[in-house]
Amino acid sequence: MEIVMLLVPIMLVLVAMGVFLFSWAVKNGQYDDLEGPAHRILYDDDKDMIPEEARTDTPGPTEAQAPEQDDPEDTPERS
């Protein structure tokens with residue numbers, strides 16, 4: 001019975017601390033946007049870290065250096 005008299009006040013102090021910390025977190029906005037960080041990582045802007053040859057949004061070195069073929073219709077006629 002003596003241990004109960006010791007554990008009950010300790011339990012009440014721990015519960016009060018938990019309630020205080022939870023209310024502090026809610027007031028500071030910790031639970032405002034629960035899905036934002038999960039979506040933000042999918043759309044992270046790290047294009048500067050992707051090597052040039054691995055990028056898909058810009059033409060690669062083979063496309064940029066492709067030789068142009070002469071089209072016979074575009075050349076002026078010589079007489």
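In which helix is Ser 23 found? Ser 23 lies in helix α1, residues 2-27; helices here are DSSP runs of H or I with at least four residues, strands are runs of E with at least two, and numbering starts at the N terminus.

Before continuing, a word on the source. This is a predicted model, in which local features need pLDDT of at least 70, side-chain atom pairs count only at pLDDT 80 or more, and totals for chains, interfaces and linings use all residues. Residues are numbered from 1 along each chain as its sequence is written, and side-chain values use heavy atoms, with hydrogens and water left out.

To return to Ser 23, its relative accessible area is 29%, so it is partly exposed (buried is under 20%, exposed over 50%, partly exposed in between, with a 1.4 Å probe and protein chains only). Its side chain reaches the backbone oxygen of Phe 20 at 2.8 Å.

Now to helix α1 itself. At 1.5 Å a residue, its 26 residues should span 38 Å, and the end C-alpha atoms are 39 Å apart, which agrees; the expected span is 1.5 Å times one less than the number of residues. After α1 comes Gly 29, with a positive phi near 85°.

The ring centres of Phe 22 and Tyr 31 are 5.8 Å apart and their planes are at 40°, so the pair is tilted (Phe, Tyr and six-membered Trp rings pair with centres within 6.5 Å; planes under 30 degrees apart are stacked, over 60 edge-to-face, the rest tilted).

Finally, the chain has three helices and zero strands, and 4% of its 79 residues count as buried. Mean pLDDT, the predictor's confidence from 0 to 100, is 78 for the chain. Confidence is highest in α1, at 96, and lowest in helix α3, residues 61-64, at a mean of 54. Where pLDDT is low, the predicted coordinates should not be read in detail.

How values were computed: A polar contact is a pair of N or O atoms within 3.5 Å; within protein, one must be able to donate a hydrogen and the other to accept it, and residues adjacent in sequence count only if both atoms are side-chain atoms.
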